[in-house]
Amino acid sequence: MREKILEQLKEEEKEQRQEKYEEKLEDAVKEISQLVFGERWKEIEGRVEDIMNMVQKMAFTEGYIYAIATLEEGIAHMV
């Protein structure tokens, strides 16, 4: 009898975990849908553009620093 009760409790706990998982999954899908199809799309698009601009500036700066270092090294070898 005791084993049966423990087994039933485990089964109920398993069902509760599954329900919580499904709820969280459903919430995530709703949130993604709101982001993509809702009013926040413009906000996301603007944020992505800001990030892309920042990455481009970083890449340009890295290239510039590398070019300066190469020129300095070349000049040092010429002297």
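**Charges, form and contacts**

In the protein chain, the mean position of the 12 positive charges and that of the 20 negative charges lie 7 Å apart, where Lys and Arg count as positive, Asp and Glu count as negative, and His and the chain ends are not counted. Each charge is placed at NZ of Lys, CZ of Arg, CG of Asp or CD of Glu. This is a predicted model, in which local features need pLDDT of at least 70 and side-chain atom pairs count only at pLDDT 80 or more, while totals for chains, interfaces and linings use all residues. Residues are numbered from 1 along each chain as its sequence is written, and side-chain values use heavy atoms, with hydrogens and water left out.

The protein chain contains 2 helices and 0 strands, these being DSSP runs numbered from the N terminus, with at least four residues in state H or I for a helix and at least two in state E for a strand. Its C-alpha trace spans about 95 × 40 × 10 Å along the principal axes. The radius of gyration of the protein chain is 29 Å, whereas a compact globule of 79 residues would have a value near 12 Å; the radius is taken over C-alpha atoms, and the globule rule is 2.2 Å times the number of residues to the power 0.38.

Of the 79 residues, 0% count as buried, given that buried means under 20% relative accessible area, exposed means over 50%, and partly exposed lies in between, with a 1.4 Å probe and protein chains only. The protein chain exposes about 8200 Å², of which carbon and sulfur atoms supply 59%; these areas come from the Shrake-Rupley method with a 1.4 Å probe, and for residues only the protein chains shown count as cover.

Helix H1 covers residues 2-37, and the structure holds 1 salt bridge, defined as a side-chain nitrogen of Lys or Arg within 4 Å of a carboxyl oxygen of Asp or Glu. This bridge joins Arg17 to Glu13, with the closest N and O atoms 3.2 Å apart. Because Arg17 and Glu13 are 4 residues apart in helix H1, about one helical turn separates them. Arg17 counts as partly exposed, at 49% relative accessibility, and Glu13 likewise counts as partly exposed, at 44%. Glu15 also lies in helix H1 and is partly exposed, with a relative accessible area of 43%; from Glu15 to Glu26 there are 11 residues in sequence and 16 Å in space, C-alpha to C-alpha.

Helix H2 covers residues 40-78. Lys42 lies in this helix and counts as exposed, at 62% relative accessibility. Lys42 and Arg17 are 25 residues apart in sequence, and their C-alpha atoms are 36 Å apart in space.

A search of the whole structure finds 1 aromatic pair, where rings of Phe, Tyr and Trp (its six-membered ring) pair if their centres lie within 6.5 Å, and planes under 30 degrees apart count as stacked, over 60 as edge-to-face and the rest as tilted. The pair is formed by Phe60 and Tyr64 and is stacked, at 6.4 Å centre to centre and 20° between the planes. Both residues lie in helix H2, 4 residues or about one turn of the helix apart, and both are exposed.

His77 lies in helix H2 as well, where it counts as exposed at 65% relative accessibility. His77 and Ala59 are 18 residues apart in sequence and 27 Å apart in space, C-alpha to C-alpha.
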